[in-house]
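Visitor: I am new to this structure. Could you show it to me and take a few questions?

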Amino acid sequence: MPAMEAINDVHVSEPGLIVVDVAAADDETAFAFHTALAARWATTSVERTTREPGQLGVRLRCYLDLRQPIAPPSRPGEPW
(Lines give C-alpha, C1' and ligand atoms only; values in the text may rest on other atoms or scores of the structure.)
Protein backbone atom coordinates (compact mmCIF):
# COMPACT_ATOMS: atom_id res chain seq x y z
CA MET A 1 0.00 0.00 0.00
CA PRO A 2 1.34 3.44 -0.84
CA ALA A 3 1.62 6.10 1.85
CA MET A 4 -1.23 8.54 2.34
CA GLU A 5 -1.51 11.30 -0.22
CA ALA A 6 -0.48 14.85 0.60
CA ILE A 7 -3.16 17.10 2.07
CA ASN A 8 -4.76 19.20 -0.66
CA ASP A 9 -5.08 22.94 0.11
CA VAL A 10 -8.81 22.85 -0.59
CA HIS A 11 -9.32 20.45 2.35
CA VAL A 12 -8.22 23.16 4.80
CA SER A 13 -9.07 26.28 2.81
CA GLU A 14 -11.57 27.67 5.34
CA PRO A 15 -11.88 27.78 9.14
CA GLY A 16 -13.73 24.71 10.38
CA LEU A 17 -12.35 22.26 7.78
CA ILE A 18 -10.12 19.56 9.22
CA VAL A 19 -8.08 16.66 7.86
CA VAL A 20 -8.08 13.79 10.38
CA ASP A 21 -5.34 11.17 10.10
CA VAL A 22 -5.95 8.22 12.39
CA ALA A 23 -3.37 5.64 13.42
CA ALA A 24 -4.91 2.61 15.10
CA ALA A 25 -4.02 -0.94 16.05
CA ASP A 26 -6.62 -2.45 13.70
CA ASP A 27 -9.41 -1.70 11.21
CA GLU A 28 -12.14 -2.10 13.81
CA THR A 29 -10.65 0.58 16.06
CA ALA A 30 -10.03 3.02 13.18
CA PHE A 31 -13.58 2.62 11.85
CA ALA A 32 -15.06 2.95 15.36
CA PHE A 33 -13.27 6.27 15.78
CA HIS A 34 -14.54 7.46 12.39
CA THR A 35 -18.08 6.42 13.35
CA ALA A 36 -17.82 8.51 16.53
CA LEU A 37 -16.73 11.54 14.50
CA ALA A 38 -19.44 11.00 11.88
CA ALA A 39 -22.12 10.84 14.57
CA ARG A 40 -21.24 14.40 15.58
CA TRP A 41 -19.99 16.24 12.46
CA ALA A 42 -20.19 16.06 8.69
CA THR A 43 -17.38 13.78 7.53
CA THR A 44 -16.32 12.08 4.36
CA SER A 45 -17.08 8.40 4.12
CA VAL A 46 -14.25 5.91 4.46
CA GLU A 47 -14.12 2.45 2.98
CA ARG A 48 -10.69 1.17 3.82
CA THR A 49 -7.60 1.68 5.91
CA THR A 50 -4.02 1.63 4.69
CA ARG A 51 -1.11 -0.40 5.97
CA GLU A 52 2.56 0.40 5.56
CA PRO A 53 4.83 -2.61 5.06
CA GLY A 54 6.92 -3.29 8.14
CA GLN A 55 4.80 -1.01 10.35
CA LEU A 56 2.28 -2.07 12.96
CA GLY A 57 -1.33 -0.96 12.77
CA VAL A 58 -3.42 0.80 10.18
CA ARG A 59 -4.06 4.36 9.07
CA LEU A 60 -7.24 6.06 7.98
CA ARG A 61 -7.87 9.57 6.68
CA CYS A 62 -11.14 11.48 6.63
CA TYR A 63 -12.18 15.07 6.20
CA LEU A 64 -14.29 16.79 8.79
CA ASP A 65 -16.41 19.94 8.58
CA LEU A 66 -16.95 21.52 12.00
CA ARG A 67 -19.24 24.10 10.41
CA GLN A 68 -21.92 21.44 9.93
CA PRO A 69 -22.77 19.83 13.27
CA ILE A 70 -24.90 16.72 12.89
CA ALA A 71 -25.88 16.12 16.51
CA PRO A 72 -25.21 17.73 19.90
CA PRO A 73 -22.96 15.98 22.42
CA SER A 74 -24.69 13.14 24.27
CA ARG A 75 -24.39 15.05 27.59
CA PRO A 76 -23.65 18.73 28.16
CA GLY A 77 -19.93 19.30 28.50
CA GLU A 78 -18.93 16.05 26.76
CA PRO A 79 -16.95 16.41 23.52
CA TRP A 80 -18.41 13.19 22.02
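This is a predicted model: local features need pLDDT of at least 70, side-chain atom pairs count only at pLDDT 80 or more; totals for chains, interfaces and linings use all residues.

Visitor: How many residues does helix 1 have, and what distance does it reach from its first C-alpha to its last?
Guide: Helix 1 covers residues 27–38, which is twelve residues. At 1.5 Å a residue, 16 Å is expected. The helix comes close to that, reaching 16 Å.

Visitor: Which residues of helix 1 are buried, and where do they lie around its axis?
Guide: The buried residues are Ala30, His34 and Leu37. Residues three or four places apart in an α-helix point the same way, because there are 3.6 residues a turn. Seen down the axis of helix 1, its buried residues fall within an arc of 55 degrees, so they line one face.

Visitor: Which exposed residues sit on the face of helix 1 turned away from the buried side?
Guide: Exposed means over 50% relative accessible area. On the face turned away from the buried side, helix 1 carries Glu28 and Thr35.

Visitor: Is aspartate 65 buried or exposed?
Guide: Aspartate 65 lies in strand 3. Buried means under 20% relative accessible area. Aspartate 65 has 8%, so it is buried.

Visitor: With which side chain does the side chain of aspartate 65 make a polar contact?
Guide: Leaving aside neighbours within four places in sequence, aspartate 65 is in contact with Gly16, Leu17, Trp41 and Ala42. Its side chain makes a polar contact, at 2.9 Å, with the side chain of arginine 67.

Notes:
Residues are numbered from 1 along each chain as its sequence is written. Side-chain values use heavy atoms; hydrogens and water are left out. Helices (H or I, at least four residues) and strands (E, at least two) are DSSP runs, numbered from the N terminus. The expected span of a helix is 1.5 Å times one less than its number of residues. Buried means under 20% relative accessible area, exposed over 50%, partly exposed in between (1.4 Å probe, protein chains only). The arc is that of the directions from the helix axis to the C-beta atoms. A polar contact is a pair of N or O atoms within 3.5 Å; within protein, one must be able to donate a hydrogen and the other to accept it, and residues adjacent in sequence count only if both atoms are side-chain atoms. Contact means heavy atoms within 4.5 Å.
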